[in-house]
Amino acid sequence: MAASKFYVVWVGHKPGIYRSWAECQAQTNGYPQAKYKSYESESEAKAAYEKGWQKSLNFSGKGSGGGTAGKKSATPESAPEVDYNSISVDVGCSGNPGIVEYKGVDTKTGEIIFYQGPIAKGTNNLGEFLAIVHGLAYLKKQGSNKTIYTDSVTALSWIRKKEVSTNLVRDKSTEEIWTLVDRALKWLQTNAYTNKIVKWDTKKWGEIKADFGRK
């Protein structure tokens with residue numbers, strides 16, 4: 001069973017410290033540029049809340065006001081804010097390997113756009129990969145060029161390579177997820193898309209909007 005976490009909301013409908021992901025979502029969904037993050041202990045959460053989001057999320061004020069003399073303008077600190085006209089995807093995995101679920105949500109509102117699961121046996125990375133491809137296929141059907149956010153570096157690399165690299169064996173217990181993965185790989189190899197797939201910056205923006213709250 002996943003350990004309890006504490007969620008700090010610095011910028012949201014009602015800033016504070018919350019004990020569940022559902023409570024955190026209630027304070028951040030639909031709130032532009034909400035700032036929040038999860039912590040393993042209440043003491044960590046309290047310290048972070050008092051410190052403020054700028055220091056807790058390693059935010060730099062460079063690029064606003066005085067500028068960044070002698071520095072390149074395209075530094076991580078001056079990266080653009082979240083594009084809320086987008087979808088965010090994430091996976092929930094009970095064990096690794098274990099039961100897998102994934103979903104895609106509206107980044108601004110948190111509304112679920114698609115959901116898949118439970119899948120009997122798979123891995124976190126395969127679930128992340130499937131979520132991105134599902135998002136791409138969904139947006140192509142909609143004729144939409146929206147951005148997709150993911151917090152998985154591994155899944156992003158698999159998308160670029162159009163192949164997966166996993167130790168998960170192919171047997172009866174993993175047949176379901178491998179069927180979905182094979183279908184996703186075929187889709188990537190036979191479809192073109194122009195959507196941006198962007199790594200969600202958890203350190204700056206808090207947990208991704210599609211987060212299952214199980215990390």
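User: Which residues point one way from strand 7 (residues 147–150), and which point the other way?
Analyst: T147 and Y149 point one way from strand 7, while I148 and T150 point the other way, and all are buried. A strand here is a DSSP run of E with at least two residues, and a helix is a run of H or I with at least four, each kind numbered from the N terminus. This is a predicted model, in which local features need pLDDT of at least 70 and side-chain atom pairs count only at pLDDT 80 or more, whereas totals for chains, interfaces and linings use all residues. Residues are numbered from 1 along each chain as its sequence is written, and side-chain values use heavy atoms, leaving out hydrogens and water.

User: What makes strand 4 and strand 7 a pair?
Analyst: Two strands pair if DSSP finds at least two bridges between them; strand 4 and strand 7 have three, in the parallel sense, so they meet the definition. In strand 7, Y149 is the bridge partner of S88, and Y149 also stands opposite V198 in strand 8.

User: Why is D90 called buried?
Analyst: Buried means under 20% relative accessible area, exposed over 50%, and partly exposed in between, using a 1.4 Å probe and protein chains only. D90 has 0%, and is therefore buried; D211, at 3%, counts as buried too.

User: Where does UniProt place the feature "binding site"?
Analyst: The unreviewed UniProt entry places it at D90 and D211, which are spread over 122 residues of sequence but cluster in space, with a largest C-alpha distance of 5.7 Å. UniProt positions follow the numbering used here, feature names are shortened, and annotations may be inferred rather than shown by experiment.
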